[in-house]
Amino acid sequence: MLDKTFDPKTAEPRLYEAWEQSGAFAPTDDPAAEPFSIVIPPPNVTGSLHIGHALNNTLQDVIIRFERMRGKAALWLPGTDHAGIATQMVVERQLAEAGNMSRRDLGREAFIEKVWEWKAKSGGTIVNQLRRLGASCDWSRERFTLDEGLSAAVRKVFVQLHKEGLIYRDKRLVNWDPHFQTAISDLEVEQREVDGNYWHFAYPLEDGSGEIVVATTRPETMLGDTAVAVHPDDERYKHLIGKCVRLPIVGRPIPIIADDYADPEKGSGAVKITPAHDFNDFMVGKRNNLPAINVMDEFARINDEAPAAYRGLDRFAARKKIVEEFESLGLLRGVEPTRHVVPHGDRSGVPVEPFLTDQWYVNAEVLAKPAIQAVEDGRTVFEPRNWEKTYFEWMRNIQPWCISRQLWWGHRIPAWYGPDGRPFVAETEEEARAAAREHYGRDEPLKQDEDVLDTWFSSGLWPFSTMGWPEKTKDLERFYPTHTLITGFDIIFFWVARMMMQGLHFTGEVPFRRVFINALVRDAEGKKMSKSKGNVMDPLELVDEFGADALRFTLTAMSGQARDIKLSRQRIEGYRNFGTKLWNATRFCQMNGCARAEGFDPANLKVTLNRWIVGEAAKAAQGVTQALDGCGFDEAANALYRFIWNVYCDWYVELAKPILNGEDAAAKAETQATAAWVLDVILRLLHPIMPFVTEELWSQTAGEGAARDHSGFLMTAPWPDLSEGLTDAAAEAEIGLVIAAVSEGRSVRAELNVPPSARPELLVIEASADQRRVLEEAAAVIGQTLRVAGVRSADRAPEGAIPFVVEGATLALPVAEFIDLAAERARLTKEIAAHAADMERTAKKLNNPDFVARAPEEVVEENRERLAEAEAAKAKLEAALERLAGVS
């Protein structure tokens with residue numbers, strides 16, 4: 001017999017260990033099985049499980065468990081990303097704390113050894129946390145973006161792209177983090193709103209005839225100005241175009257140019273152009289053949305390109321000194337306080353500097369064309385489809401991809417430089433030396449490039465490099481292309497697009513056939529979770545408190561396409577109660593002798609109730625299968641919730657009690673077998689979402705009754721494939737009538753405050769002969785579930801009876817003797833008035849354009865929900881009052 005309650009804390013680790021040790025996570029070796037593969041978006045090796053990971057990996061596990069049970073060779077390939085800058089930062093911080101050392105004190109090789117030591121001891125924490133969530137990855141195939149196989153793939157890709165002219169060196173602006181002294185990607189840039197100033201500076205015309213005023217939030221960059229731009233149609237400045245100003249402090253003459261970038265409506269209409277320190281200015285400089293003068297070093301200190309008095313100053317110290325000098329020169333025309341957005345390094349926390357430097361680039365425009373075409377022609381589809389628009393927008397406007405990083409931890413760039421600076425790109429140093437020897441005619445000393453590759457370069461190869469490419473492995477042949485990628489919208493460009501580009505270029509096939517973009521998890525009020533707001537929900541704490549199944553079901557049920565998830569503890573608690581409901585229903589079945597019967601055939605049932613529940617199970621199976629097949633995770637979860645709680649537990653179990661307690665042995669035996677059969681279907685359908693409680697129930701009920709038609713774990717049991725022929729329209733109509741009669745009767749009792757102890761009769765006033773028969777045959781169950789003294793036919797409703805209509809039949813409950821009619825009318829009238837007043841107040845807010853424009857979106861949505869709830873409550877009370885209207 002089952003324990004009274006399910007204990008996740010003891011059951012979950014026990015079940016997971018048994019699954020993993022059994023090898024059940026690996027795809028079947030059956031060559032006839034259809035392959036189905038997904039690759040995990042590799043979490044950073046430094047990471048720990050956050051709520052976004054919990055959602056993303058829950059959905060991946062749901063789909064892989066579903067396809068595994070459908071008999072497919074289901075592979076979920078796991079792994080972690082070496083996370084260049086994040087990992088380097090962790091180890092550098094440890095060195096500083098342990099002995100006030102830096103990586104440069106250790107040297108490159110010793111530092112890399114330290115990182116590998118850290119990885120062996122502490123890296124991969126998130127992998128074990130994924131196990132706690134129930135992730136059924138094939139851990140025997142776990143990969144790491146810096147393991148040797150993947151590193152070989154990275155070198156081959158780099159060398160081939162270089163040979164094809166698609167990787168090259170160039171001097172361009174990058175996002176530069178002065179703390180880590182490296183270029184960083186846009187994804188690693190955090191936009192922060194800060195207080196600052198617009199400083200208005202006067203630049204004197206070189207001929208002494210006047211001045212032109214420019215405004216800037218970054219005075220320190222003026223040392224590298226190479227032009228002033230005005231709009232070509234700005235009448236104020238047309239006569240100045242082509243002339244020069246004398247750059248204050250520096251003394252360099254710079255031209256006044258015409259360019260559409262200058263906005264006549266903004267400030268003075270004239271803008272300073274610093275091509276080496278602003279992305280927009282860089283493009284203006286390209287268009288107008290302006291020199292780009294970098295006035296900072298890698299630490300964001302002023303370099304030797306500036307006047308001597310400024311050299312070596314930090315950029316912010318230089319800013320202060322420049323403003324003071326402009327003021328002393330009489331050229332400061334104003335200071336305007338402002339609040340503006342400044343990009344910061346997301347890990348260092350310091351302002352990012354647009355920095356002109358030599359880097360390695362990929363010609364992304366060329367690689368993007370086949371990747372665009374693949375989505376246009378449907379070889380890869382996005383779900384929801386609206387994300388295709390985002391993908392196309394990024395890809396059609398793609399810029400050269402900076403792939404080099406000034407770090408030590410990562411894939412070192414396979415390029416060696418000769419004494420004249422010529423690079424030799426090769427997969428090995430031996431090959432580079434051979435190429436250099438051929439070029440120079442003799443052996444020359446070579447030095448390898450100090451930089452490493454952007455982590456997105458290696459993770460862009462993930463779907464095929466993890467399967468052994470460039471070797472022609474069995475896994476690559478069987479499981480590539482993968483089927484579905486489940487990921488977040490924020491990395492469509494950084495990861496999805498790059499996998500598409502590289503996958504198509506190197507394998508000729510798309511890396512995945514479908515991309516499902518999961519929602520963003522927010523707090524209960526709809527606000528984005530952040531540590532600063534204090535509203536972060538730790539998934540591991542939630543697993544400790546409610547169990548993994550409750551969290552998984554919550555995330556799945558709320559993962560509707562194109563909407564964010566508002567997560568609350570109350571919601572998770574509610575779905576824990578759902579698991580408890582199933583547990584209690586299983587205990588009820590055990591206590592009433594419901595066990596699997598040998599030779600049970602759901603198509604050969606006699607009892608109407610059993611024919612009905614088998615048909616409902618078939619409909620549920622079809623609905624859940626169709627939903628999961630189309631990534632309708634929330635549809636599947638909600639269909640299961642309705643079927644298990646509302647249909648099986650609330651109605652079937654209740655309606656079966658009189659049969660199970662009755663004298664008809666044949667009906668009882670059939671009902672016991674049916675209840676067990678449907679419970680089997682439920683456990684299999686629910687398993688992908690709630691694997692732990694379902695596996696436990698499966699194992700605890702396995703020994704009962706005759707031998708099952710399958711063995712082993714539930715996770716490897718076959719998915720229910722139930723025929724539409726199991727639905728029985730006649731049984732559905734009969735049980736539907738009973739349920740409707742009980743439901744509507746309960747509503748009457750609840751609306752009119754009829755005491756639970758009151759036992760009126762249920763009168764059948766007008767009904768067809770079949771309806772009368774059904775209701776009279778179900779008198780016992782109706783009496784038990786509706787709390788009525790009996791069911792009988794009557795010509796009319798007596799005084800004090802409340803009539804109601806279900807399925808075209810008119811029924812009545814004589815309740816006047818149990819309630820105070822006048823008091824009920826007064827109560828209903830008062831409550832209706834209260835709801836009406838609430839509706840009026842809320843509608844007034846929503847009809848106020850100022851409120852809708854200024855209030856946070858979540859507040860507006862709360863008011864809309866409140867209005868809808870008040871309208872529904874008022875309508876329900878009005879219906880109850882109307883019921884009383886005809887009662888004397």
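**Aromatic pairs**

The predicted model holds 34 aromatic pairs, where rings of Phe, Tyr and Trp (its six-membered ring) pair if their centres lie within 6.5 Å, and planes under 30 degrees apart count as stacked, over 60 as edge-to-face and the rest as tilted. The planes of F553 and F578 meet at 45° with the ring centres 4.9 Å apart, so this pair is tilted. F553 belongs to helix α18 (residues 548-557) and F578 to helix α19 (residues 569-591), so that distant parts of the chain, 25 residues apart, are linked by the pair; helices here are DSSP runs (H or I, at least four residues), numbered from the N terminus.

**Burial and a second pair**

F553 is buried at 0% relative accessibility, a term that means under 20% relative accessible area, with exposed over 50% and partly exposed in between (1.4 Å probe, protein chains only). F578 also counts as buried, at 0% relative accessibility.

F578 pairs with W645 as well, and this pair is stacked, with 6.4 Å from centre to centre and 15° between the planes. Because F578 lies in helix α19 and W645 in helix α21 (residues 633-660), the pair ties together parts that are 67 residues apart in sequence. F553, F578 and W645 belong to one aromatic cluster that also includes Y575 and Y641.

**Charges over rings**

A charge sits over a ring if NZ of Lys or CZ of Arg is within 6 Å of the ring centre and within 35 degrees of the ring normal. K321 lies over the face of Y310 at 5.5 Å from the ring centre, and R396 lies over the face of F392 at 4.3 Å from the ring centre.

**Basis of the values**

Residues are numbered from 1 along each chain as its sequence is written, and side-chain values use heavy atoms, with hydrogens and water left out. Because this is a predicted model, local features need pLDDT of at least 70 and side-chain atom pairs count only at pLDDT 80 or more, while totals for chains, interfaces and linings use all residues.

Note on methods: Helix = DSSP H or I, 4+ residues; strand = E, 2+ residues; numbered from the N terminus.
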